[in-house]
Amino acid sequence: MQRPPSTEQSQRDQLHGRQVAAMFGRIARWYDFLNHTLSLGLDIYWRWRLARVALPEPGGAVLDLAAGTLDVSLALIRQYPDIRVAAVDYTLPMLVRGKHKLTGGPDKRILPVQGDGRKLPLADESMDAATIAFGIRNIRPRMAAHREVLRCLKPGGRFCILEFGTGRRKVWGGLYNFYLESVLPALGRLVSGDRAAYRYLAETIREFPDERQLSRELMDAGYARVFHVAMLSGIVYLHVAEKAGQLCADADKEAGVKTQARAVSAGRDGILRCFTPQDPGKGPDEE
Ligand SMILES: C[S@@+](CC[C@H](N)C(=O)[O-])C[C@H]1O[C@@H](n2cnc3c(N)ncnc32)[C@H](O)[C@@H]1O
């Protein structure tokens, strides 16, 4: 049984959320370029694999949490052109970059929403599946996001997580660890001019739980079945956590993208802002 976080801890978590949003706001314009370059393009394949295991019902709705510049949302639409995607992210500049990629074809079924993974603006049991790529590491406390996603999933729905393995384990005789600790922050700083952001990346990968711990965490959050697949010698993992029960065939599919936050507003950029009055969620660009 987990104790509720102290007020101090939740204030620290709120502050962390804002710092993370500010950081992604600063690097948003470099994000895609650095992603593809630093992973030698492998990230495109990893996101494709993530979308592949989501298995939404035809015509269903998928939550893409920490959607960033919408690459996972787009991978989902390419594989399941008739679904709708609620692309939720905390950082507006990331969503704005992503929105520029939308062409008005099948991708008009992607709805970018600025919101918090710890308080999702979605109805209970409204999503056929949920995905998160390289995002869960940034959310504190992780358990709040695990539980929120579980609440929004229909029975039998999958929460599919793409994330780096823990950086504490040596991979390729330590070559990968050297890349992570030294090469990646240096390259990140060189291109984006933001040393802190890429040091943060290495630190959060090192601190991230290994696949067994994460599985336990997901089971503790209430998922019925959890499994994972290692990719690239365990540098990256695909985790799948299933909610108990059968998919409700007659569930109201439209409920999926109806937002339930107390404060909802649409900006001129067409991106919904869904925050509670307690957490107005102002990004660095909106102060
Ligand atoms: C490394 S990026 C991943 C973006 C995208 N999923 C991808 O595959 O490229 C992490 C994202 O997590 C988002 N994020 C961090 N904390 C969040 C939270 N509490 N709720 C929603 N998104 C959050 C950040 O704004 C950022 O866009």
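**Overall**

I started with burial: of the 287 residues in the protein chain, 44% are buried. I note that this is a predicted model. Next I looked up the secondary structure and found eight helices and nine strands in the protein chain. Then I turned to contacts between residues at least 6 apart in sequence. Of these, 73% join residues at least 24 apart.

**Helix 3**

I went to helix 3, residues 71-79. Helix 3 is mostly covered, with seven of its nine residues buried. I listed the buried ones: D71, V72, S73, L74, A75, L76 and I77.

**Helix 2 against helix 3**

I followed up the helix 2 packing. The axes of helix 2 and helix 3 come within 9 Å and cross at roughly 55 degrees. That angle makes helix 2 oblique to helix 3. I logged the crossing of the two as right-handed. On the helix 2 side, the contact is made by R47, W48, L50, A51, R52 and A54. On the helix 3 side, I have D71, V72, A75, L76 and Q79. D71, V72, A75 and L76 are also on my list of buried residues of helix 3. By class, the contact of helix 2 with helix 3 has seven nonpolar residues, one polar and three charged.

**Ligand shell**

How many residues surround the ligand? I get 25. The closest are A66, G68, T91, G117 and A133. I then asked which elements contribute. Helix 1 (7-38), helix 3 and strand 2 each supply at least two residues of the shell. Helix 1 gives the largest share, five residues.

**Helix 6 against helix 7**

I moved on to helix 6 (residues 175-192) and helix 7 (residues 195-207). Their axes come within 7 Å and cross at roughly 155 degrees. The cut-off for roughly antiparallel is over 145 degrees, and helix 6 and helix 7 are therefore roughly antiparallel to each other. Helix 6 passes helix 7 in a right-handed crossing. From helix 6, I noted L180, E181, L184, P185, G188, R189 and S192 at the contact. They meet R195, A197, Y198, R199, L201, A202 and I205 in helix 7. The contact of helix 6 with helix 7 splits into eight nonpolar, two polar and four charged residues.

**C160**

Last, I picked a single residue. C160 is found in strand 5, residues 153-164. Is C160 buried or exposed? I count 25 other C-beta atoms within 10 Å, so C160 is buried. I left aside its neighbours within four places in sequence and listed the contacts. C160 is in contact with L50, V53, A54, A129, A130, T131, L238 and V240. Two of these, L50 and A54, I had already noted on the helix 2 side of the contact with helix 3. I also checked one separation, C160 to L55. These two are 105 residues apart along the chain, and their C-alpha atoms are separated by 9.8 Å.

Terms used. Residues numbered from 1 in each chain as written. Predicted model: local features only at pLDDT ≥ 70, side-chain atom pairs only at ≥ 80, totals over all residues. Buried ≥ 20, exposed ≤ 12 C-beta atoms within 10 Å, placed from the backbone. Helix = DSSP H or I, 4+ residues; strand = E, 2+ residues; numbered from the N terminus. Near = placed C-beta within 6 Å. Axes fitted to C-alpha atoms, helices over the stretch in contact; angles between N-to-C directions. Parallel < 35°, antiparallel > 145°, perpendicular 65-115°, else oblique. Left-handed = near helix turned anticlockwise from the far one by under 90°. Contact = placed C-beta atoms within 7 Å. Nonpolar A, V, L, I, M, F, W, Y, C, P; charged D, E, K, R; others polar.
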